[in-house]
Amino acid sequence: MITVEQIAAAGVVGAGGAGFPTHVKLSGKADTVVINAAECEPLLHKDKELILHRTEMLVEGLARAMQLVGAARGIVGIKKKYVHVTETLRPKLAAKMEIVPLDDAYPSGDEFILVYESLGRVIPPGGIPLAVGAVVMNVETACNVAAVGIKTVTEKFVSVAGSVEHPCTLRVSLGTPLNECIKAAGGTIIADPAFVVGGAMMGYIETDLSKPVTKTTGGVLVLPQNHFIVQRKQWDWKKTARIGRTACDQCSFCTELCPRNLLGHPIEPHRAMRSLGFNLSARSDVPGTIFCCECNLCSYYSCPEGLDPKNVCTENKRRLLADKQRWENPPFRPERPDQQMRNRKTPTTRLIQKIGLAGYQNKGPLDDRLLEVQNVVLPLRQHIGAACVPIVQPGNTVHIGQPIAQRPVTNGKPALGADIHASISGTVTEINSENIRITASIN
Ligand code: SF4
Ligand code: SF4
């Protein structure tokens with residue numbers, strides 16, 4: 001049996017979200033491990049491809065996680081529309097493992113929603129799945145857990161979609177520049193491309209394509225500069241506040257469709273919008289905004305006026321955190337979901353139509369050859385927690401998989417984080433406060 005310390009030393013962090021160190025998650029006790037295979041970001045397909053092409057590893061990773069947390073049950077939450085994926089996985093599942101079919105709705109991959117849909121349990125506002133006896137892991141994270149003892153985390157699977165010649169899922173070395181990924185997908189097919197990293201709904205615009213793929217990069221979308229998603233992600237706060245203050249008619253659609261509100265959490269984006277009319281200090285009087293998961297459903301889908309309640313919530317949240325305001329024991333209606341959740345789910349197909357992605361290929365077949373690159377840049381912080389500390393020097397020769405940066409140690413204890421490894425063999429050509437660059441050996 002592997003240990004959580006081996007998982008930390010292998011560099012495993014959540015590959016589908018913010019990069020929470022997996023060994024910390026697996027140090028708790030839970031009755032169920034849930035694999036998050038919902039993959040609800042439109043046009044991203046890497047998790048489905050991994051289930052098809054790394055089926056045994058996913059099952060092994062799930063088994064290891066169950067053993068570590070003492071879980072009697074393992075669940076893979078996957079959309080019921082992916083029948084061929086389910087049929088591939090089901091015969092490989094071990095005892096006490098099952099598939100929970102999910103509706104094709106957004107954001108079914110939000111772990112609060114996933115835990116509710118698969119276990120019928122509502123994680124309290126501000127809580128984590130462990131609060132209701134569950135641990136949630138992404139598909140790729142589970143595969144990385146399965147590889148512990150054999151290899152460290154040096155690769156990433158990345159979907160490249162939108163206006164590229166061949167939308168696909170690539171297998172790349174960590175630190176691979178984003179432009180190499182675009183090139184490997186056949187390059188852009190439009191004259192004025194913009195690049196969205198991480199997905200249309202929750203991703204961000206990247207203008208510097210020399211930036212590397214990290215342990216949490218799930219995908220890159222290529223879209224025209226005048227695309228709805230690109231335009232909306234470029235609204236600044238002044239524009240959000242000005243338009244929101246004058247045009248919000250308090251219809252509350254944003255709240256009625258907010259997935260966290262539907263779970264019974266006290267997040268009401270229309271109230272955050274109302275606060276735009278208040279003075280600045282009063283704006284942090286909307287404490288429920290702290291529970292916004294930033295899914296963007298309210299801004300890109302729900303609001304009939306095309307306003308931006310998500311960013312108003314985010315701004316409120318930022319102010320609350322800056323003021324060190326917490327909401328202890330917020331009101332919470334765990335009984336609320338039953339009726340409302342069923343009736344108000346947002347179908348992914350309708351979402352794709354509304355945000356202007358219906359014309360793009362919605363498939364991402366895996367190219368399972370490791371993409372060859374000459375240089376990789378490995379950020380020292382690819383996870384939640386402290387930046388790692390380099391343990392190599394410029395000029396050192398390194399081999400793929402070798403540790404090159406470790407968690408800092410304070411009072412004999414490693415900080416929150418996960419170690420970082422050389423993703424290609426070669427020479428360390430640069431180290432600065434943020435990155436380590438490795439240049440490939442010339443054979
Ligand atoms: S849906 Fe739009 S108009 Fe309606 S309350 Fe929310 S932000 Fe205002
Ligand atoms: S982004 Fe909007 S819809 Fe999503 S959780 Fe936040 S307030 Fe609710």
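How do the residues of the shell around ligand 2 divide into nonpolar, polar and charged? I looked that up to start with: 11 are nonpolar, 1 is polar and 3 are charged. For the record, Ala, Val, Leu, Ile, Met, Phe, Trp, Tyr, Cys and Pro count as nonpolar, Asp, Glu, Lys and Arg as charged, and the others, Gly among them, as polar.

**Ground rules.** I am working on a predicted model, where local features need pLDDT of at least 70, side-chain atom pairs count only at pLDDT 80 or more, and totals for chains, interfaces and linings use all residues. Residues are numbered from 1 along each chain as its sequence is written, while chains are lettered from A and ligands numbered from 1 in the order in which they are written.

**Ligand 2.** I find 15 residues around ligand 2, and Cys258, Cys292, Cys295, Cys298 and Lys310 come nearest (a residue is near a molecule or strand if its C-beta atom, placed from the backbone, lies within 6 Å of it). Helix 12 (259–262), helix 15 (297–302) and helix 16 are the elements that give two or more residues to this shell. Helix 16 has the largest share, 3 residues. My helices (H or I, at least four residues) and strands (E, at least two) are DSSP runs, numbered from the N terminus.

**Ligand 1.** Here, too, I count 15 residues around the ligand, with Cys248, Cys251, Cys254, His270 and Cys303 coming nearest. Two or more residues each come from helix 11 (253–256) and helix 13 (269–274). Helix 13 gives the most to the shell around ligand 1, at 3 residues. By class I get 9 nonpolar, 4 polar and 2 charged residues for the shell around ligand 1.

**Helix 10 on helix 16.** Back to helix 16 (residues 309–322): I see helix 10 (residues 237–247) packing with it at about 115°, the axes 10 Å apart. Axes are lines fitted to C-alpha atoms, for helices over the stretch in contact, and angles run from 0 to 180 degrees between N-to-C directions. Helix 10 and helix 16 are therefore roughly perpendicular to each other (under 35 degrees is roughly parallel, over 145 roughly antiparallel, 65 to 115 roughly perpendicular, the rest oblique). I noted Trp237, Thr240 and Gly244 of helix 10 and Asn311, Val312 and Glu315 of helix 16 as the residues making the contact. Contact requires C-beta atoms, placed from the backbone, to lie within 7 Å. That makes 2 nonpolar, 3 polar and 1 charged residues for helix 10 with helix 16.

**Domains.** I have domain 1 (4–147), domain 2 (155–227 + 357–371), domain 3 (237–346) and domain 4 (375–440), with bounds from an automatic or database domain assignment. The centres of domain 1 and domain 2, over C-alpha atoms, are 24 Å apart. Across that pair, 17 residues of domain 1 touch 23 residues of domain 2. Helix 3 (residues 46–53) supplies the largest share of the domain 1 side, 4 residues. I class that side as 8 nonpolar, 5 polar and 4 charged residues.

**Helix 3 on helix 7.** The axes of helix 3 and helix 7 (residues 139–147) come within 9 Å and cross at roughly 40°, so I file the two as oblique to each other. Lys46, Asp47, Leu50 and Ile51 in helix 3 meet Val139, Glu140 and Cys143 in helix 7.

I found a cis peptide bond joining Tyr106 and Pro107, with omega about 0°. Pro107 sits in the loop between strand 4 (105–106) and helix 6 (111–119). Glu294 lies in the loop between helix 14 (280–283) and helix 15.

Methods: Contact = placed C-beta atoms within 7 Å.
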